[in-house]
Amino acid sequence: MTHTRTTRLERGRSALGPALELVHTGQAPTRAVLTAELGVTRATAGAVAGELEALGLITVDAHPTAPVGSQGRPSHRLSVDPDGPVALAAQVHADGYRAALVGLGGNLVATAPGCGTVDADPAQVISEVVRTGAGLLRESGRRCVGAGLAVPSAVAEPEGTALNPLHLAWQAGAPVRDTFRACLAEAGVTHPDGSPVTGFAANDLNVAALAEHRHGAGRGARHLLVVGTGHHGVGGALVLDGRLHTGSSGLAMEVGHLTVDPGGRPCHCGSRGCLDVETDPAALLAAAGREA
Ligand SMILES: [Zn+2]
């Protein structure tokens, strides 16, 4: 009996991460689905769900109302805990920044924008967006488990440097990830035990593609192509077999600099007629005879 219980707990423990991911991404709305997806017994799935609930990550509704016309007892309903931990999401764009707190399930908890000209020194805007995010954390009283920074530039891996920040005055090769981590430490964004929260930095379209693939338009798709524009320029990202395709050094999918009109406008990259300058919001406004 003790042996069975120990084994169940061990199996359950290794299933905690996958189980949270299934609930967090909406793939396991009930305990019955969780049981099937994890390939474990009902008892193990029950123990796993109970543990995630005790950790303040999910809620388990043991008495859900059955849909009209359905037969039998409805399975326990699983949802992410609306008061669970959050990630600090920071974005720097050509016209300023945005800080946000994002909870499990991709739920936006709080957000605050900042407008203005982005300084040539990346530390200026990065420390500003981190301080804004730290303020949101203090106001909400939520536990922060990680932080991410999105920048309008390819980010080289493993160095974490912004390689081609064409729409900002930053120098190519700016160490954005290290700057972000230093700003997080300075702003006191830590785990409850005081240890530093891990900070990641990535290209804005790459992280947008991951978000769409997990929680948005690309949910359930094996492959996903994202071409997007926000403030200036056009970027692209590709999810292949559920993983972000970044190439050998993180620079794949710079679709913005494909030539669409060889005789077109000069581009910041030195080329001419790139998708980036031919179709970005400024180009569309100019074509419509409107001021940006
Ligand atoms: Zn270009």
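Because the model is predicted, local features are described only where pLDDT is at least 70 and side-chain atom pairs only at pLDDT 80 or more, whereas totals for chains, interfaces and linings use all residues. Residues are numbered from 1 along each chain as its sequence is written, and side-chain values use heavy atoms, with hydrogens and water left out.

The protein chain holds nine helices and twelve strands, where helices (H or I, at least four residues) and strands (E, at least two) are DSSP runs numbered from the N terminus. Its C-alpha trace spans about 75 × 45 × 35 Å along the principal axes. Of the 292 residues, 39% are buried, a term that stands for under 20% relative accessible area, with exposed meaning over 50% and partly exposed lying in between (1.4 Å probe, protein chains only). The accessible surface comes to about 15,500 Å², and 54% of it belongs to carbon and sulfur atoms; such areas come from the Shrake-Rupley method with a 1.4 Å probe, and for residues only the protein chains shown count as cover. When contacts (heavy atoms within 4.5 Å) between residues at least 6 apart in sequence are considered, 50% of them join residues at least 24 apart.

Five strands form an open sheet in the order S5-S4-S3-S6-S9, with mixed pairing; two strands are taken as paired if DSSP finds at least two bridges between them. Strand S5 (108-115) and strand S9 (199-203) each have a single partner strand and stand at the edges, so one side of each has no neighbour in the sheet. On average, and with direction ignored, neighbouring strands of this sheet are turned by 15° against each other, the axes being lines fitted to C-alpha atoms (for helices over the stretch in contact) and the angles running from 0 to 180 degrees between N-to-C directions.

H5 lies across S3, S4, S5 and S6 and runs at about 35° to S4, while helix H7 (residues 204-215) lies across S3, S6 and S9 and runs at about 100° to S9.

The largest nonpolar core has 31 residues, and those with the most contacts inside it are Leu-88, Ile-126, Leu-149, Trp-170, Phe-180 and Val-189; a nonpolar core is a set of buried Ala, Val, Leu, Ile, Met, Phe, Trp, Tyr and Cys residues joined through side-chain atoms within 4.5 Å. At least two residues of this core come from each of strand S3 (86-93), strand S4 (96-103), helix H5 (122-140), strand S6 (144-151) and helix H6 (176-186), and H5 gives the most, with seven residues. Within H5 sits Ile-126, which counts as buried because its relative accessibility is 0%. Leaving aside neighbours within four places in sequence, Ile-126 is in contact with Leu-149, Trp-170, Val-176, Thr-179, Phe-180 and Cys-183. With residues up to four places away again not counted, Leu-88 touches residues that include Ala-100, Leu-101, Leu-137, Leu-184 and Val-189.

Apart from this core lies another, of 16 residues, among them Leu-22, Val-23, Leu-52 and Leu-57. In H2, the buried residues include Leu-22 and Val-23. The axes of helix H2 (residues 16-24) and helix H4 (residues 42-54) come within 10 Å and cross at roughly 75°, and the two helices are therefore roughly perpendicular to each other, as angles of 65 to 115 degrees count as such, with those under 35 roughly parallel, those over 145 roughly antiparallel and the rest oblique. Leu-16, Ala-19 and Leu-20 in H2 meet Val-48, Glu-51 and Leu-52 in H4. H2 is followed by Gly-26, whose positive phi is near 75°.

Two further backbone details lie in loops. The peptide bond from Glu-157 to Pro-158 is cis, with omega near 5°, and Pro-158 is in the loop between strand S7 (155-156) and strand S8 (161-162). Asp-241, a residue other than glycine, has a positive phi near 50° and lies in the loop between strand S11 (235-240) and strand S12 (243-244).
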